[in-house]
Amino acid sequence: MDRRLQISALLLISGLLVEGLCLLWARPIAFVVLVGLGGCLIAAGVFFFLYSLLFAAHSGKDEKPDGPPGG
């Protein structure tokens with residue numbers, strides 16, 4: 001789970017860096033890069049984070065059996 005969170009954080013941070021650099025770049029293509037590359041990186045980070053949260057419960061190794069306690 002920690003590795004998945006690191007990957008999603010890396011995607012989000014790189015998307016924010018791209019958008020921050022586009023704010024300094026005063027060209028018309030900067031908007032296309034901001035929306036295209038920065039938006040895709042941020043969306044990928046958010047979706048990968050939600051995906052990892054959704055499937056972390058199913059792939060956990062700490063799950064307990066559902067049967068009655070033996071003894």
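User: Helices (H or I, at least four residues) and strands (E, at least two) are taken as DSSP runs, numbered from the N terminus. How many helices and strands does the secondary structure of the protein chain contain?

Analyst: The secondary structure of the protein chain comprises two helices and zero strands. This is a predicted model, in which local features need pLDDT of at least 70 and side-chain atom pairs count only at pLDDT 80 or more, while totals for chains, interfaces and linings use all residues. Residues are numbered from 1 along each chain as its sequence is written, and side-chain values use heavy atoms, with hydrogens and water left out.

User: What percentage of the residues of the protein chain count as buried?

Analyst: A residue is buried under 20% relative accessible area, exposed over 50%, and partly exposed in between (1.4 Å probe, protein chains only). Of the 71 residues in the protein chain, 11% are buried. The accessible surface of the chain, from the Shrake-Rupley method with a 1.4 Å probe and, for residues, with only the protein chains shown as cover, amounts to about 5800 Å², and carbon and sulfur atoms hold 71% of this surface.

User: Is S52 buried or exposed, and which residues does S52 touch?

Analyst: S52 lies in helix α2 and is buried, at 0% relative accessibility. A contact requires heavy atoms within 4.5 Å. Not counting residues up to four places away in sequence, S52 touches M1, R4 and L5. F49, also a residue of helix α2, is in contact with L5 and S8 once its neighbours within four places are left aside. With 34% relative accessibility, F49 counts as partly exposed, and its C-alpha atom is separated by 9.8 Å from that of L12, 37 residues apart along the chain.

User: Across the protein chain, what percentage of contacts between residues at least 6 apart in sequence join residues at least 24 apart?

Analyst: Such pairs account for 65% of those contacts.

User: Which residues form the nonpolar patch on the surface?

Analyst: A patch gathers residues with over 30% relative accessible area and no salt bridge, joining like charges within 9 Å and nonpolar side chains (Val, Leu, Ile, Met, Phe, Trp, Tyr) within 5 Å; a salt bridge places a side-chain nitrogen of Lys or Arg within 4 Å of a carboxyl oxygen of Asp or Glu. Here M1, L5, V46, F47, F49, L50 and L53 form the patch, with about 620 Å² of accessible area together. Helix α2 gives the most to the patch, with five residues. L53, found in α2, is partly exposed at 44% relative accessibility.

User: How many aromatic pairs does a search of the whole structure find?

Analyst: Rings of Phe, Tyr and Trp (its six-membered ring) pair if their centres lie within 6.5 Å; planes under 30 degrees apart are stacked, over 60 edge-to-face, and the rest tilted. The search finds two aromatic pairs. The pair of Y51 and F55 is tilted because the ring centres are 4.8 Å apart and the planes stand at 55 degrees. Being four residues apart in helix α2 (residues 29-56), Y51 and F55 are separated by about one helical turn. Both are partly exposed, Y51 at 45% relative accessibility and F55 at 35%. F48, Y51 and F55 form one aromatic cluster.

User: How many disulfides are counted?

Analyst: A disulfide is a covalent bond between the sulfur atoms of two cysteines. With a cut-off of 2.5 Å between cysteine sulfur atoms, the count is zero. C22 is buried, with a relative accessible area of 8%, whereas C40 is exposed, at 53%.
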